[in-house]
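I opened this notebook to record, residue by residue, what I looked up. My entries follow in the order in which I made them.

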Amino acid sequence: MVTDEDGLSDTFAALANSTRRAILARLAEGEATVNELAEPFELTLPAISKHIKVLERAGLVLRGQRAQYRPCALDAAPLADVSTWAEQYRPVWEARFDRMDDYIAQLRPQRKKRRTR
């Protein structure tokens with residue numbers, strides 16, 4: 001599987017911060033201005049702008065131009081790359097869950113035996 005490792009690194013670095021994840025969650029509802037994005041946070045506008053710039057560099061946020069303001073919008077394409085990358089590990093986790101299911105099934109008869117004593 002071929003992936004853009006630098007792009008993935010940028011995306012993961014951007015997603016590593018809870019404020020940036022919250023900004024993305026808000027943008028998933030629709031575009032917003034920097035002031036609107038800053039409302040729920042106890043951060044300065046310059047601090048929010050820095051977070052938005054990190055998201056822009058990772059390709060997760062696009063800035064528009066409408067009259068005097070520049071609304072931000074979500075670009076989910078890099079998230080699709082993360083999903084594709086994570087998908088390669090699905091067989092590993094499914095196998096582990098299958099083994100866990102088998103183990104739990106083995107424990108059930110033992111628990112019943114203990115209860116009947």
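I began with Tyr89, which at 36% relative accessibility counts as partly exposed, because that value falls between the 20% and 50% limits. I then placed Tyr89 in the loop between α5 (77–87) and α6 (90–116). Tyr89 also belongs to a nonpolar surface patch of about 690 Å², which I found to be made together with Val92, Trp93, Phe97, Met100, Tyr103 and Ile104.

As this is a predicted model, I checked the confidence next. The protein chain has a mean pLDDT of 89, with 90% of its residues at 70 or more. Among the elements of the chain, I noted that helix α2 (residues 18–28) has the highest mean, 97, whereas α6 has the lowest, 80.

I turned to Glu36, which I located in helix α3 (residues 34–38) and which is partly exposed, with a relative accessible area of 35%. A polar atom of the Glu36 side chain lies 2.8 Å from the backbone nitrogen of Thr33. Not counting residues up to four places away in sequence, Glu36 touches Arg26 and Glu31. I also looked up Cys72, which is 36 residues from Glu36 in sequence and 9.9 Å from Glu36 in space, C-alpha to C-alpha.

Leaving aside neighbours within four places in sequence, I listed Asn17, Thr19, Arg20, Ile23 and Leu43 as the residues in contact with His51.

How values were computed:
Residues numbered from 1 in each chain as written. Heavy atoms only, no water. Contact = heavy atoms within 4.5 Å. Patch = residues over 30% accessible without salt bridge, like charges linked within 9 Å, V, L, I, M, F, W, Y side chains within 5 Å. Areas by Shrake-Rupley, 256 points an atom, 1.4 Å probe, with all protein chains shown as cover. Salt bridge = Lys/Arg side-chain N within 4 Å of Asp/Glu carboxyl O. Helix = DSSP H or I, 4+ residues; strand = E, 2+ residues; numbered from the N terminus. Buried < 20%, exposed > 50% of the residue type's maximum accessible area, 1.4 Å probe, protein only. pLDDT = per-residue confidence, 0-100. Polar contact = N/O pair within 3.5 Å; in protein donor to acceptor, adjacent residues only side chain to side chain.
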